[in-house]
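Please prepare a briefing on the structure shown below, with the conventions behind each value stated where the terms come up.

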Amino acid sequence: MSDPRTGSGEVRVFADYQRDFTEVADVVVVGSGPCGAVAAYELAAAGKRVVLLEEGPPFTPADFELEGSLSMARTMREGGLRFTMGTVMPTMQAIALGGGSLVNSAICNRCPDFRFQEWANEADLARTSRKDLEPHYDAIAAFLGIAPTPDAVQGPRNLLFRDGCKQLGYGSEPCPRNVRECRGSGECFTGCRARAKQSMDISYVPAAIQLGARVLTSVRAEELLSNGRRVTGVAGRVVAPFSGAPGPRFRVEAKAVVLAAGVLASPLLLQRSGNLANSSGQVGEQLQFHPGTSVLGVFPDPVDPIFGATQGYQCLHFLRDGFKLETLWAPPGVLAVRMPGMGHQFKQELLDLRFATVFDAIASCHRSRGRVRERGKSLQPSMRWSFHPDDAAILAHAVWVMAEIFFAAGARKIVPGVASHADEMHSIAEAESLRSRPPRARDMVCASTHVFGTARMHGDPRHGVVDEDLKAHDLDNLYVVDTSVFPLSPAVNPMFTGMALARRSALALAERV
Amino acid sequence: MTLPGLIALALLAWAVLRFAAGYGPRDPALRQLSAREYALVCAAADAAFPPGGVIPLSGTQARIPAHADRYLAALPPRNRLLIRLLFVLIEHATLIFPAPGWDGWRRFSALSLEQRMAVLEGWAHSRFLPRRLAFQGLRAVLTMGYFACPAVLRAMGLAPLAIETPVVAADLLYPPIGQPKSSIRFGVADLDRAVPRTPLDPRGPLQPGFEAPPA
């Protein structure tokens, strides 16, 4: 990319706001995460006057924190301590220019066709298949350089997963990622110091600026303005980075609004804007997650886990069974939390981390649903979600499969992280209890970053919020463009499919506005 | 004064003593932790990471309280309050889940090291899920603080590798957080600056700030 300042667009940061202001645009996009950034770029490329709003600040490498808890406190909403009620489960959403792409591991999987079929059946969809979205996947892949993770940066801990899967006859493959010239630092979750990850803040957003988009950071959309069947803009306030202290008010008047604030914020904005787009009653409903859990394995020889792609290998063998397996690395302090013991024993266990790697499983949980509402007038979500026992059984089976893979790869012990079972297991025979006596939901330590469903796409306006172009059924010029429109889990990591849907939606909107 | 009045007064005095009296001074460099919270974090840090052993640094030697203070400062107010409530819970739950010994009901930070370790073991293996979750929350704060210490990371072979960060086009747009755009120190010429793009060497130099001090 050449100098993005040579274009007609601009970016504003917190220090730029002195007083209340109003902007006028063809389209205002709320949220600069993967879906919003793609939409903003495509609309700017189509010659539209675009204003992109982002509540978080842009992070430069000088702003990254290598230590896990401080990094999360700075980059995640509610300091990384957000959780669901009902079944208590941590869930993390970023607050930064580029949204989750700044701190995710860049996995870009295409949703399998069988799952699109299930979407079609669930939500009466006629033109949302893998084939329909393939041109959009391809365009984004070309833009971001999405490619399988090369062996040169896998590092031993990712390749051990490959070897274990191979021993057991489970297919595995390098994760396709939006990364160029990865150096294998394993630091995706705290911000890529090598600037290799093509997060939205360094890819689509500057490209949109070069094409004329105005990007306003540190501004919080608080209300969608509307008049009859039309939205007329967005109003909100400037907010200070990290503290959220309110500053001047702003207003953006636009011919169309693209709401890409994320699965938990988009429905809240609709609800607090006079319950917009909700004749179906589905806004904020059908909240779904990919609950994830992990198993740590310790090998006889050092694995040197600080080197290697954060999530370099994956196994799609069990997608139809309802789960996906991946390798995982995170800041060592985050991983160490799961190690057993106390005092000197704990310290001894910590020395094992140099010999360790982690596998994780994410489960499609169609039976586990919830809802999201605003917590008071806080603009923060209150989520209630229940982990259905049948879905928990799928994730429990995944724990057993991960144990199998570890021992097939030569692990000397595993730390399954399951409360109802031994802290450590030293053989596949010991691990057998994970299969014969599967852990229950409350026994597993779960977390989720993949969320869907709170403004679902449906062919029938009585049962969904948006149509297949992601236009709200109830309004003529409001588009909801994030993974809240997914009627069901995409079976794999959702970012790429969200972006493909966003691109299709943006191209359709560009024709209309 | 009636007997119930005397009992109430005695209880009040006891509560004041338990909750507020007898705490030592806190590190004046801390911004968030109160003297009570500082005492609790120090006590818990050394119970989780006692001095000596395979990694010699104790929790307090690894400056866990300083990290906890930075962590609290970085959290939004509501979440900061949650962590503070967790500290209060651990400090005073010995009234319900006492440590071994006749004096095991004293506040957590007043217990001996062995008693504190026993208390935390009890929380770790409780059959009561919320109690286990509370323990995990406390241990997460402590463990991440321990791992924020470069000497600890070096001892485990997990210190981050040095990376020369290239300048990308976006770096011409964004200032560091909180700064005006006039503070952007990169220009177009920086985009052409050659930096290594090859895979890192796990035996390569460590990130500045994480290297071992000179002998």
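**Briefing on the predicted model**

In chain A, β2(A), helix α1 (residues 34-45) and β3(A) make a right-handed β-α-β unit, where right-handed says that, with the strands pointing away from the viewer, the path from the first strand over the helix to the second runs clockwise. Helices (H or I, at least four residues) and strands (E, at least two) are DSSP runs, numbered from the N terminus. This is a predicted model, in which local features need pLDDT of at least 70 and side-chain atom pairs count only at pLDDT 80 or more, while totals for chains, interfaces and linings use all residues. Residues are numbered from 1 along each chain as its sequence is written, and chains are lettered from A and ligands numbered from 1 in the order in which they are written.

**Parallel pairing around β2(A)**

- Strand β2 (residues 21-30) of chain A pairs in the parallel sense with strand β12 (residues 246-259) of chain A over 9 bridges, and in this pairing Thr22(A) stands opposite Arg251(A); two strands count as paired if DSSP finds at least two bridges between them.
- β2(A) also runs parallel to strand β3 (residues 50-53) of chain A, to which 4 bridges join it, with Val27(A) opposite Val50(A).

**The open antiparallel sheet of chain A**

- An open sheet of 6 strands, with antiparallel pairing, has the order β7-β15-β16-β17-β14-β20 in chain A.
- β7 (173-174) and β20 (413-415) of chain A each have a single partner strand and stand at the edges, so one side of each is left without a neighbour in the sheet.
- Strand β14 (residues 292-298) of chain A pairs with β20(A) in the antiparallel sense over 3 bridges, and Gly297(A) has Ile414(A) as its bridge partner in β20(A).
- Helix α10 (residues 389-408) of chain A packs on this sheet and touches β14, β16 (323-328), β17 (356-363) and β20 of chain A, its direction making about 155° with that of β17(A); axes are lines fitted to C-alpha atoms, for helices over the stretch in contact, and angles run from 0 to 180 degrees between N-to-C directions.

**Overall form of chain A**

- The secondary structure of chain A comes to 12 helices and 22 strands.
- The radius of gyration of chain A is 22 Å, close to the 24 Å that the globule rule gives for 513 residues, so chain A is as compact as a globular protein of that length; the radius is taken over C-alpha atoms, and the rule is 2.2 Å times the number of residues to the power 0.38.
- Of the 513 residues of chain A, 64% count as buried, that is, with 20 or more other C-beta atoms, placed from the backbone, within 10 Å of their own.

- Ala106(A), with a positive phi near 75°, is found in the loop between β5 (89-90) and α3 (113-123) of chain A, and is buried, with 25 other C-beta atoms within 10 Å.
- Gln286(A) has a positive phi of about 60° and lies in the loop between α7 (265-272) and β13 (288-289) of chain A, where Gln286(A) is buried, with 24 other C-beta atoms within 10 Å.

**Contact between the chains**

- The contact takes 55 residues from chain B and 62 residues from chain A, two residues being in contact if their C-beta atoms, placed from the backbone, lie within 7 Å.
- On the side of chain B that touches chain A, the largest share, 8 residues, comes from α6(B).

Terms used. A residue is buried if 20 or more other C-beta atoms lie within 10 Å of its own, exposed if 12 or fewer, and partly exposed in between; C-beta atoms are placed from the backbone.
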